[in-house]
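Dear colleague,

Please find the structure below, followed by a short account of what was found in it.

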Amino acid sequence: SVAGGALWAVAGDRLVRVSPRTGKAEKVIGLPGGYSTSMAASSSGSFLIVSVANSGGGGSMQRRDPVSGALLASRATVGVTAATIGGITGAGVWAAQPTGMQGFIQRYRTTTLAPVAGTAVEGSNAIDVVVANGLAWVLKAGPEENAGYCANPVTGKKLAAIPLPRPAQDYVIGIWGRDVYYAAPDGSDGFYLKRVAVPAACRVG
């Protein structure tokens, strides 16, 4: 993630500030007990959110200084892995949390990391959320993990479904511009990379 004029990388028990010019580590910050991690920065580079958990899933979501990496705010998380940071939009950060039998996504305030009431969506451990094109995209929602849709980035309210040909099998890889890219099984052990148009209701600006 790019924030504070540098490239930040995270893995296991380390958060590393990397020079975008030389590619060399400028600073290494320890994340005690870290086993699984996730991270995202705001498009302005002013917010850096890091998620870390130990091998049992206990950990925290953290707001870090985008220049120094210093810890500014933290909220405990309890799952089977670190919460997956889906992205930052406005004053909120979206994240997905697998808990073992089920999972959920929710929006949190970027400053305090407090959850925003009314934004949680429950599903299986595979449920995910990605911020793209100014919206929140909820993936693999529902009891059969076959629902995907774009949502209001503040409220999480569904705007339109992603028109995947086989939603129970196809898997969204990412959203870029006016296209949704997804992986479709090829009938053996591989996948095809395909795309469908972003629904009109999911287009902003």
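Within strand β10, alanine 95 is the bridge partner of isoleucine 85. Strands here, like helices, are DSSP runs numbered from the N terminus (E, at least two residues, for strands; H or I, at least four, for helices). The model is a predicted one, in which local features need pLDDT of at least 70 and side-chain atom pairs count only at pLDDT 80 or more, while totals for chains, interfaces and linings use all residues. Residues are numbered from 1 along each chain as its sequence is written, and side-chain values use heavy atoms, with hydrogens and water left out.

Strand β9 is joined to β10 (residues 92-98) by 5 bridges, and the two run antiparallel. Two strands count as paired if DSSP finds at least two bridges between them. β9 and β10 belong to an open sheet of 4 strands, ordered β9-β10-β11-β12 with antiparallel pairing. Because β9 (84-89) and β12 (121-123) stand at the edges with a single partner strand each, one side of each is left without a neighbour in the sheet. From one strand to the next, the twist averages 20°; axes are lines fitted to C-alpha atoms (for helices, over the stretch in contact), and angles run from 0 to 180 degrees between N-to-C directions.

Another open sheet of 4 strands has the order β13-β14-β15-β16, again with antiparallel pairing. Its edges are β13 (128-132) and β16 (158-161), each with a single partner strand, so one side of each has no neighbour in the sheet. The twist in this sheet averages 25° from one strand to the next. β13 and β14 (residues 135-141) run antiparallel and are joined by 5 bridges. Aspartate 128 has leucine 139, in β14, as its bridge partner.

With kind regards
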